[in-house]
Amino acid sequence: KKISHKLLEHQVDFDYVTDDAFVNALTVDKGKLKNKSEQSYETLIIPSSDVISAHTDSMIKTFVKYGGKVLYWGSRPYFTNGKTFTELHNYQCIDNTFYESSDDWTSSVEMSMPDPEIIIKNRRPLEIRERKKAGERRPSPVNGTIDIRYNHRVLSDADVYFLFNEGHRNQSFSIGLDNIGTVELLNADDGASKPLISHIAA
């Protein structure tokens with residue numbers, strides 16, 4: 001739960017996958033994991049776990065071999081299993097991966113993430129709050145976009161970005177996307193869309 005919260009705070013889009021997904025839904029394509037909906041992922045996060053299946057482990061190794069990133073976030077698995085959990089073997093950590101034992105956002109976590117596909121810039125005046133640190137109250141800037149979350153979905157004819165304000169403050173911000181094309185704002189209530197002013201940045 002805390003890992004998910006950290007990803008959302010840093011505006012990293014993600015999905016959950018199960019062990020079954022590596023059998024039925026995911027393929028490795030040019031250093032990315034791709035599902036049947038054509039969503040692709042450059043980084044795989046393996047949270048604290050005791051066992052990982054041999055099939056999944058083999059597929060993850062192929063993913064890393066072709067350029068995919070893997071982050072062990074928490075304790076690494078202890079075992080791999082075959083067709084049943086009675087067939088346990090000691091887990092061998094995969095080379096060229098990232099590891100972070102805590103559930104904090106650290107430099108190891110940062111380096112394992114894919115390049116940002118969206119950059120959100122706050123357009124509100126900088127807000128300063130007093131925070132208590134080491135027994136003293138010190139002014140501290142507030143991250144004005146920390147409450148903004150997003151999801152990105154790829155359709156056959158468009159890329160759709162869903163943005164949410166999960167905080168209690170009104171937001172004013174601009175966004176940069178790693179895409180080029182016509183930008184439209186979709187009204188979630190009636191499905192109507194209208195053009196948005198945009199420009200291509202070098």
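Reader: Just after α1, which residue takes a positive phi?
Author: This is a predicted model, in which local features need pLDDT of at least 70 and side-chain atom pairs count only at pLDDT 80 or more, while totals for chains, interfaces and linings use all residues. Residues are numbered from 1 along each chain as its sequence is written, and side-chain values use heavy atoms, with hydrogens and water left out. Helices are DSSP runs of H or I with at least four residues and strands are runs of E with at least two, numbered from the N terminus. Just after α1, a positive phi of about 50° is taken by glutamine 11.

Reader: Which residues are buried in α1?
Author: Buried means under 20% relative accessible area, exposed means over 50%, and partly exposed lies in between (1.4 Å probe, protein chains only). The cover over the buried residues of α1 includes β4 (43-47), β6 (69-73) and β13. The buried residues in α1 are Ile3, Ser4, Lys6, Leu7 and Glu9.

Reader: How far from glutamate 9 is the nearest side chain of opposite charge?
Author: Glutamate 9 belongs to helix α1 (residues 2-9) and, with neighbours within four places in sequence left aside, is in contact (heavy atoms within 4.5 Å) with Ile146 and Arg149. For charges, Lys and Arg count as positive and Asp and Glu as negative, with His and the chain ends not counted. A salt bridge needs a side-chain nitrogen of Lys or Arg within 4 Å of a carboxyl oxygen of Asp or Glu. Glutamate 9 is buried yet has no salt bridge, and the nearest side chain of opposite charge, that of lysine 6, lies at 4.2 Å.

Reader: How many residues apart are aspartate 15 and arginine 153?
Author: The side chains of aspartate 15 and arginine 153 form a salt bridge with an N to O distance of 2.9 Å. This pair links distant parts of the chain, since aspartate 15 is in the loop between α1 and α2 (21-24) and arginine 153 is in strand β13 (residues 148-154), with a separation of 138 residues.

Reader: Which residues are linked in a network of salt bridges?
Author: Aspartate 15 is partly exposed at 33% relative accessibility, and arginine 153 is likewise partly exposed at 24%. The network of salt bridges links Asp13, Asp15 and Arg153.

Reader: Is arginine 149 buried or exposed?
Author: Arginine 149 and glutamate 166 meet through their side chains in a salt bridge (3.4 Å, N to O). Arginine 149 lies in strand β13 and glutamate 166 in the loop between β14 (159-165) and β15 (173-177), so the pair ties together parts 17 residues apart in sequence. Glutamate 166 is exposed, with a relative accessible area of 53%. Arginine 149, at a relative accessible area of 8%, is buried.

Reader: What is the area of the nonpolar surface patch made by Tyr78, Phe79, Phe85 and Leu88?
Author: Patches are made of residues with over 30% relative accessible area and no salt bridge, with like charges joined within 9 Å and nonpolar side chains (Val, Leu, Ile, Met, Phe, Trp, Tyr) within 5 Å. Accessible areas come from the Shrake-Rupley method with a 1.4 Å probe, and for residues only the protein chains shown count as cover. Phenylalanine 85 lies in the loop between β7 (79-81) and β8 (88-90) and is exposed, with a relative accessible area of 58%. The patch made by Tyr78, Phe79, Phe85 and Leu88 has an area of about 410 Å².
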